[in-house]
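User: I would like a close look at one part of this chain, with its packing and its surroundings described in a connected way.

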Amino acid sequence: MLGIIGGSGLTKLPGLSISHRQVIRTPFGEPSSPLSFGDLNGHPVVFMARHGYGHTIPPHLVNYRANLWALHEQKVSHVVSVATVGGIHPDLKPGDICVPDQIIDYTHGRETTFVEYNGKPVTHLDFTWPYCEEMRQRCMDALRRANEPFMAGGVYAAVQGPRLETKAEIERLAGDGADMVGMTGMPEAYLAREIGLCYAAIAASVNWAAGRSDSAAGISFETIERTLESVVERLRGVLINLACMDFNAPPANQDRL
Ligand code: HPA
């Protein structure tokens, strides 16, 4: 089954008709929100609001482990994260969309693994390609079918937040090879890998990153709000296209715990 993790601006999924909500308890504590079970245009999906339904949980306090555990436990096999980012690459102006294929993790102090000391030999997972390629391809198909242009691949810099960056920090990220910057991509992507979820992200730029283009003097929250609204509306069609796909077969080539 398809799971959708909605970020900023997507605390509710427009067009989702909810059959029931379920509070899930996990060994890692409470998820950000109850899971909403329902359908998008007749196709079953499970929706989770990453920051809670009232958008009250900041990125560094999201219980990523509980969120992914809850989805996994409810038989979700594939997850799309809808993420907002600041654009660093010239092709990621506000409103532009990317399906990233790489991540640099600058976060700290977050719970980054399900692996805890249990006396068993330590295992290490490959994370060369941090997103599930099958899910990336599905996201890109869904975007194409919705006639939404997008950047196919890019480097997502995951930062700690909740503050936005300084101009110098963005220049450093650009020098490191980052194309976009967001606050929630890690440890989410890695935890999904650990637990065997086929996970990819659709990243929507809602502002130029600090110091770039019309964010030279500062980032305008009014622009973010306005862009977010129109992006969410456009992504609705993309998510419907995704939901129409068959998610019954288990994902291929997934490392599992
Ligand atoms: N920086 C970090 N995260 C973000 C941004 C940004 O400029 N825009 C949306 N999420």
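What is the relative accessible area of Phe127? Please go on from there to helix H4, residues 185-195.

Analyst: Phe127 is partly exposed, at a relative accessible area of 23%. On this scale buried means under 20% relative accessible area, exposed over 50%, and partly exposed in between, with a 1.4 Å probe and protein chains only. The model is predicted: local features need pLDDT of at least 70 and side-chain atom pairs pLDDT 80 or more, whereas totals for chains, interfaces and linings use all residues. Residues are numbered from 1 along each chain as its sequence is written, and side-chain values use heavy atoms, without hydrogens or water.

First, the setting. The protein chain has 5 helices and 11 strands; these are DSSP runs, helices being H or I of at least four residues and strands E of at least two, numbered from the N terminus. With a radius of gyration of 17 Å, close to the 18 Å that the globule rule gives for 257 residues, the chain is as compact as a globular protein of that length. The radius is taken over C-alpha atoms, and the rule is 2.2 Å times the number of residues to the power 0.38. The C-alpha atoms fill a box of roughly 50 × 45 × 35 Å along the principal axes. Of the 257 residues, 54% are buried. Among contacts (heavy atoms within 4.5 Å) with a separation of 6 or more, 81% join residues 24 or more positions apart.

Helix H4 has 11 of its 11 residues buried, so it is largely enclosed by the rest of the structure. The buried residues include Glu188, Arg193 and Glu194, along with Ala189, Leu191 and Ile195. They pack against helix H1 and against strands S1 (2-6), S5 (78-87), S7, S9 (155-158) and S11 (198-208). Just after H4, Gly196 has a positive phi of about 90 degrees.

Met186 belongs to this helix and is buried, with a relative accessible area of 7%. Beyond its neighbours within four places in sequence, Met186 is in contact with Tyr64, Ile103, Asp105, Thr107, Arg110, Phe127 and Ala158. Tyr64 is 122 residues from Met186 in sequence, yet their C-alpha atoms are 8.7 Å apart. A cis peptide bond joins Met186 to Pro187, with omega about 10 degrees, and Pro187 is itself in H4. Another cis bond lies between Gly161 and Pro162, where omega is about -5 degrees; Pro162 is in the loop between S9 and helix H3 (167-176).

The aromatic residues come next. The structure holds 5 aromatic pairs. In one of them the rings of Phe28 and Trp69 have centres 5.2 Å apart and planes at 65 degrees, so the pair is edge-to-face. Rings of Phe, Tyr and Trp (its six-membered ring) pair if their centres lie within 6.5 Å; planes under 30 degrees apart count as stacked, over 60 as edge-to-face and the rest as tilted. Phe28 sits in the loop between strands S2 (16-22) and S3 (35-40) and Trp69 in helix H1 (residues 64-73), so this pair ties together parts 41 residues apart in sequence. Phe28 is buried at 17%, while Trp69 is partly exposed at 23%.

A further pair, Phe127 with Tyr190, is also edge-to-face, at 5.0 Å centre to centre and 85 degrees between the planes. Phe127 is in the loop between S7 (102-105) and helix H2 (133-145), and Tyr190 is in H4, so to speak across a gap of 63 residues in the chain. Tyr190 is buried, with a relative accessible area of 17%, against the 23% of partly exposed Phe127.

Phe28, Trp69 and Phe114 form one aromatic cluster. Phe114 is in the loop between S7 and H2 and is buried at 7% relative accessibility.
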